[in-house]
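This briefing is for a reader meeting the structure for the first time. It goes from the whole protein to single residues.

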Amino acid sequence: HNTGLSIQKCDFMIPENHKKHHTEEISTERLIVRRGQPFTITVSFSAPIHNYLKQMKKTFLIVQTGRPHSSRADEIQTEFPISSLGDQKQWSAAVEEQDPNFWTLCLNTPANAPIGQYTLLLRASKSPQFLGNFTLLFNPWCQDDEVFLANEAQRQEYILNQDGIIYQGDENAILAQPWDFSQFEEDMVDICFILLALGEHLQREKDPARRKNPVHVCQAVAAMLNCNEFRILTECEPGQQYNGTPPSKWLGSSPILHQWIASKFQPVRYGRCWVFAAVLCSVLRCLGIPTRVVTGFTWAHNTKSSLSVDEYYDEDGTLLTQDKSARVWTFHVWNECWMARTDLLPEYSGWQALDATCQEKSKGLSFCGPAPVHAIKEGDTQVNYDVCYFFAAINAKCHVWIHKADDTLKPAFGGTKYIGNNISTKSVGSERCEDITQNYKYPEGSLQEKKVLEKAYRSMKELETTTTSSIISIPTALEEPVNIFIHLQSSSSLQLGQDITLSIEVFNHSGREKATHLVVGIQALHYNGVPIAQLWKEEFHFNLQSDSVNNLQVSVPYTWFGKELGENHLLRLTAVLRDEDSSYMYLAQDEISICDSPLTIEFPENMVQYEPSTAMISLQNPLMEPLEQCVIAVTGQGLIYRQRNYRLGSVQAKSTQELKIPFTPTRAGSRRLTARLTCLQLQNLKSYRTTNIAAA
C-alpha cells in the first residue's frame with residue numbers, strides 16, 4: 001500500500017504560462033506569473049497512483065517566500081488543498097487532467113497576493129517535496145488587481161514597451177531623448193526584488209504582506225533612487241568635474257542597475273532627475289505597475305510648499321543664484337504610476353505622481369508621492385502624499401528681482417513667469433509627444449484655476465501655522481507702472497553652428513519722451529536654473545519718443561557661445577531696460593535650446609530576424625571647424641548585443657562621414673537603434689530610428 005506521492009518531476013509549462021501572463025519577454029528559463037490569474041503545472045509520479053480521489057484529499061500545496069523549510073516571522077507561508085474545483089479568489093489548486101502517472105494542476109493566486117519570489121512545495125502524507133520556484137508580479141490585466149488598466153494599448157505601452165522617450169529642452173523647443181528601459185532584460189527581475197527588499201529594510205518595514213500594496217512598493221523603490229545611503233544614483237553639483245558618467249551620457253537603465261549590483265550597492269555616478277525617473281520607470285514596469293515618465297517645463301523646485309519663488313538678476317541681466325535651493329528649473333522629470341487608491345477616496349484613483357529626485361522636507365531629504373494627479377489639479381493638499389509639493393512646483397508665482405550694485409533689490413517689471421507648462425509624456429503606441437497639462441491644472445486665467453489656487457492657499461496656510469512659523473502670502477501683482485513694454489524674440493531652437501538673431505522691441509506708452517539704458521545678454525544655463533557662464537552682452541542708450549516703438553536687431557555669431565553650451569545645451573536671453581528718470585527696471589527673457597543632432601540613421605528596406613543586415617549612420621559636421629576625437633556609441637535591444645563604440649577620429653569642417661553598422665536582429669517586431677555622438681566640441685548628442693523586423 002503506497003503511503004504518499006513520490007514525485008519524479010514537475011513541469012512548470014513555462015512557454016504556455018508566459019504567453020498567457022505576458023511575461024515571455026522576461027524569461028524562458030523560470031516561471032514568472034501575474035497575480036489573480038491561473039497558471040498550469042504538471043506533476044509526474046515515479047509510481048502510478050490508482051486511488052486518485054482518496055489520494056487527492058490527502059494532498060496539499062504550500063507556497064512560501066524566503067528559503068525552503070524556514071519559518072521566520074517575516075516570511076509568508078500558505079498551505080491549501082488540491083480540489084476538483086479551485087477558488088478563483090484565494091490561493092487554490094484544482095486537478096485539470098489526471099491519469100495514474102501524472103496530474104495537471106491549475107493554480108490560482110489572489111489578485112491581492114504579495115508580489116515576490118516564491119517556493120512551491122507539495123505535501124502528501126510524507127514531508128513536503130520541492131516542486132520549484134516562481135515569481136509573482138502585479139497584474140494590470142486582472143480586473144481585481146489594484147493596478148488594473150482597462151486599455152490593452154496602454155498596457156502594451158506602460159508595462160511592455162522597453163523603448164522610451166524622455167522630453168527635455170525648453171517649453172518652446174521640446175527635445176525628445178531616447179531611453180532604453182530594458183525592464184525585461186536577463187536578471188532585471190532579480191535586481192528589482194533586491195532593490196525592493198533594501199528599500200523596505202531602510203524604511204524598517206518587516207511585514208512581507210505589505211507587498212500586496214502598489215503604494216508601498218512605489219515608495220520603497222522610489223526611496224532607493226537618490227535618497228539614502230544605498231541609493232542607486234548620486235547627483236553631482238552643476239559645474240563639478242565628472243569623475244563618473246555624465247548624466248546625459250546614459251542611454252538606458254540596465255548599465256546603471258548592473259553597475260550598482262556589481263559594486264555591492266555603491267551609488268552610481270551620476271544621475272539627474274531624468275535618470276532617476278527613467279530607472280524608476282524600468283523597475284516599476286518590471287514589477288507590473290503601469291508607469292510612465294513625465295516632463296514639466298518651468299518647474300519651481302524646492303519652494304518648501306510656499307506658492308512663490310524668486311529669480312534674481314543683476315543690472316546687466318545676468319542670472320544670479322541667490323537662493324541656493326529654491327529655483328525655477330527649465331524642466332523637471334518625474335513619474336506617474338497607475339493604480340486604484342484603496343486608502344483614499346475613489347476619485348483619487350488613476351495616475352499618481354511619484355518623484356524620485358530628493359526634496360528638502362521637514363523630516364529631512366526624501367522622494368515625493370505617490371500623489372493623486374487629480375488631487376494636484378483640484379488643489380486638495382490635505383490628501384497628503386506630497387500633493388502640496390507638486391501643486392507648488394507647477395502653480396507658484398515667480399517674482400523677478402534686480403539686485404543692484406548698492407545691494408538693494410528692485411522688482412523687475414514685465415519679468416513675471418508662468419510656472420508649470422507643457423507637461424509632456426510619450427504618447428501610447430507612437431513616438432509623438434502628448435501634452436497632459438490639463439490633467440494637472442485648469443486653463444491659465446480661468447475661473448476654476450483661481451478657485452483652486454485660493455483653496456490651496458487656504459489649506460497650505462493652515463498647514464503652515466501648525467508646522468512652521470514661515471508665512472505664505474498670496475503673491476499680489478506689483479503695482480506696475482505699465483507705460484513701457486519690452487518684447488524679446490528669437491528662434492526658440494537653433495541648429496548646431498547657427499548664429500542667434502535677436503529682435504528687441506521697446507514700446508513707450510507714457511505720453512512723454514524717455515531716456516533709457518538697455519543691456520542685452522546671453523547666458524548658458526544648467527537645466528536646473530544654475531547659470532554656467534555669461535557668454536555675451538551689449539549695451540545701448542537711446543531716447544524713446546512718446547507713444548512710439550523702437551526696434552533693435554542683433555546677431556550673435558555661433559563662435560561666441562558654442563564652446564560653453566553645457567550638457568543641456570540651453571541658453572537664457574535677457575534684455576534689461578532702465579528708465580533713467582524713474583529708475584524703474586523692465587526685464588524680458590527668453591530661452592533657446594540647441595536641439596538638433598548631427599547624426600542620421602538609415603536602415604535597409606526589408607530586415608528579417610536572424611539574417612545579417614547593415615545600418616548606415618552619417619555624421620554631418622555643421623561647424624566651421626573639425627570635430628575631434630569623435631566616438632559614436634550604438635545600442636539597440638534585439639538588434640545588437642549591449643553597446644558598441646566606434647572611434648571616428650576627426651571629421652572635417654562642413655563634411656559628412658558615414659559609418660556602416662553590421663548587425664543580426666535576434667528579435668522580431670518593432671525595434672529601435674540609438675546612436676550617441678561624443679567629441680571634444682559636442683557632448684552626448686543622440687539620434688534614434690525605429691524599424692520593423694520580420695519574424696523568421
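The points below describe the overall build, the helix packing, and a few residues and peptide bonds.

The model is predicted, so local features need pLDDT of at least 70, side-chain atom pairs count only at pLDDT 80 or more, and totals for chains, interfaces and linings use all residues. Residues are numbered from 1 along each chain as its sequence is written, and side-chain values use heavy atoms, with hydrogens and water left out. The protein has 12 helices and 38 strands; these are DSSP runs numbered from the N terminus, with helices being H or I of at least four residues and strands E of at least two.

**Overall build**

- Taken along the principal axes, the C-alpha atoms of the protein fill a box of roughly 115 × 65 × 40 Å.
- Of the 696 residues of the protein, 57% count as buried. Buried means under 20% relative accessible area, exposed means over 50%, and partly exposed lies in between (1.4 Å probe, protein chains only).
- Among contacts in the protein with a separation of 6 or more, 67% come from residues 24 or more positions apart. Contact means heavy atoms within 4.5 Å.

**Domains**

- The domain assignment gives domain 1 (7-137), domain 2 (156-466), domain 3 (484-595) and domain 4 (599-693). Such bounds come from an automatic or database domain assignment.
- The centres of domain 3 and domain 4, taken over C-alpha atoms, are separated by 38 Å. Five residues from domain 3 and six residues from domain 4 take part in their contact.

**Helix packing**

- Two packed helices are described by the angle between their axes and the distance between the axes. Axes are lines fitted to C-alpha atoms, for helices over the stretch in contact, and angles run from 0 to 180 degrees between N-to-C directions.
- Helix 5 (residues 214-226) and helix 7 (residues 273-287) have axes that come within 10 Å and cross at roughly 145 degrees.
- On the helix 5 side, V217, C218, V221, A222, L225 and N226 meet F276, V279, L280, V283, L284 and L287 of helix 7. The residues of this contact of helix 5 with helix 7 comprise 11 nonpolar, one polar and no charged. Here Ala, Val, Leu, Ile, Met, Phe, Trp, Tyr, Cys and Pro count as nonpolar, Asp, Glu, Lys and Arg as charged, and the others, Gly among them, as polar.
- Helix 7 also packs with helix 4 (residues 188-202), at an angle of about 105 degrees and with the axes 10 Å apart. Helix 4 and helix 7 are therefore roughly perpendicular to each other, a term for angles of 65 to 115 degrees, whereas under 35 counts as roughly parallel, over 145 as roughly antiparallel and the rest as oblique.
- M188, V189, C192, F193 and L195 of helix 4 make this contact with S282, V283, C286 and L287 of helix 7. By class, the contact of helix 4 with helix 7 has eight nonpolar, one polar and no charged residues.

**A covered helix**

- Helix 9 (residues 387-395) is mostly covered, with nine of its nine residues buried. Among the buried residues of helix 9 are Y389, F390 and F391.

**Cis peptide bonds**

- R269 and Y270 are joined by a cis peptide bond with omega about 5 degrees. Y270 is in the loop between strand 13 (268-269) and helix 7.
- From G369 to P370 the peptide bond is cis, with omega near -5 degrees. P370 is part of strand 19 (residues 364-372).

**Positive phi values**

- R204, a residue other than glycine, has a positive phi near 55 degrees. R204 sits in the loop between helix 4 and helix 5 and is exposed, with a relative accessible area of 72%.
- T298 is not a glycine either, yet has a positive phi of about 45 degrees. T298 lies in strand 14 (residues 291-301) and is buried, with a relative accessible area of 10%.

**Two buried residues**

- C142 is in the loop between strand 9 (129-137) and helix 3 (152-160). C142 counts as buried because its relative accessibility is 9%. Leaving out residues up to four places away in sequence, C142 touches R35, G36, A111 and F148.
- V519 is in strand 27 (residues 514-525) and counts as buried at 0% relative accessibility. V519 and H541 are 22 residues apart in sequence and 8.9 Å apart in space, C-alpha to C-alpha.
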